[in-house]
Amino acid sequence: MFPKKPPMGFNTWNTFAENISDEMIRQTADAMVEKGLLAAGYEYLVIDDCWSERQRDPVTDKIIPDHNKFPNGMKAVSDYVHSKGLKFGMYSCAGVRTCADYPASYDHEFLDARTFAEYGADFLKYDYCYKPHQADGPTLYRRISMALKASGRDILLSACNWGCDNVHDWIRSTGAGMFRSTGDINDSFVSFRDIFLSQIENFKLSGPGCFNDIDMLTVGMRNRGNVAASGCTDVEYRTEFALWCMFAAPLMLGCDVRNIDDVTLKLVTNPYLLRINQDEEGRPPFIVREGHENKRNIYARVLSENELAIMFTNLTDDRAGQIWFALDEIGIPVSSGKGLALTNAFTGEPAGTVREGFGMPLDAHDCAVFLAKIVDA
Ligand code: GLA
């Protein structure tokens, strides 16, 4: 499945790791609908690692769901998820064991793809642990992709090899619809900042059909759950979410959506930021102004419908007095007679029309994002 827009959903790993169950997945499905997350576009509910028994079935050789965590089997869970209007995601790995040491799909790709299809899976996250060293990574991703195709079900392949082995060179040839380009995120400013900065040069290779996945969001985790670290402030979570939106990264929530707080819910359903993330043209942003080794950059991204998105970032630990750029730098000189009518993407409020340029001070770790219409000025 080749997604036209960055996939959106929820994944169990960041908060729950092995603490997953039939009940927890059903509650999450309920919450995604009741809290308006599905309506905002978060459609995939993905079960990450730790869902199976430790060994394959000795007779059928199939991976079998953990009897205690999923006593009704996986098809029943998937049916429930589908009954809510959501799509269902599963997890496996290209190696012989998953990262948390459960059976994985190496040399069982066609059998496992059929199993996932039987479950009714719409999405498969495919990790990279315990790969036999003689095995060729790109071939393993191509193999699982062919196996998913052969299963007869339309299943989005979400590759997860952490950017190893020059993934950008071959990932599109595998048929993956998204691909993890970085190591694992944790719930801290430094983690999401460094993950983001490591991919600045690579987003130009991301777009409709195959999106660069910079990991599940930690937004709203508030230092609870599996990848808890130092936690983030509201300003930092806002910056994380805005970066993911600006760069058309897949939006996979990692907080416990059953208990999502109001600030987080408002942020992750913000229609202006989601409009940027989900823009149908899917063009990458470009750097308008570079500063402090990419930590105080200004980015612009041309959207469909005569609009741009403009983002000011301050990922340094110090307040920035004034970050400013001229419209000329994005190709709109004063001589064009055009200007930009701005909307603050965080509040939805009009922020005036600018002709020559504009800028602002920014606190440490903060950002500003605008939707900008090209108008006569
Ligand atoms: C790897 C992946 C994570 C998660 C874990 C599960 O570390 O990068 O996103 O899936 O495995 O064990």
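Helices here are DSSP runs of H or I, at least four residues long, numbered from the N terminus. The model on screen is predicted.

**Stop 1: the sheet.** Select the strands. They form an open sheet of 8 strands with parallel pairing, in the order β8-β6-β5-β4-β3-β2-β1-β10. Go to the edges, β8 (211-213) and β10 (251-253): each has a single partner strand, so one side of each has no neighbour in the sheet. From one strand to the next, the twist averages 25°.

**Stop 2: β1 and β2.** Select residues 8-11 for β1 and residues 44-46 for β2. These strands run parallel and are joined by 3 bridges. Show N11; V46 in β2 stands opposite.

**Stop 3: the largest pocket.** Select R238, V263, K266, L267 and F346. Among the 14 lining residues, these lie nearest the centre of the largest pocket. Its volume is about 300 Å³. By class, the lining holds 7 nonpolar, 3 polar and 4 charged residues.

**Stop 4: the second largest pocket.** This pocket has a volume of about 160 Å³. Select W13, D48, K125, D127 and D184, the closest to its centre of the 16 residues that line it. Then show α1 (13-16) and β4 (123-127), the elements that give two or more residues to this lining. The lining divides into 8 nonpolar, 1 polar and 7 charged residues.

Note on methods. Residues numbered from 1 in each chain as written. Predicted model: local features only at pLDDT ≥ 70, side-chain atom pairs only at ≥ 80, totals over all residues. Heavy atoms only, no water. Pairing = 2+ DSSP bridges. Axes fitted to C-alpha atoms, helices over the stretch in contact; angles between N-to-C directions. 1 Å grid on protein atoms, 1.4 Å probe; cavity = no way out; pocket = protein on both sides within 12 Å on 5 of 7 lines; lining within 4 Å. Points joined across faces, edges and corners; volume = space filled by probe spheres on them. Nonpolar A, V, L, I, M, F, W, Y, C, P; charged D, E, K, R; others polar.
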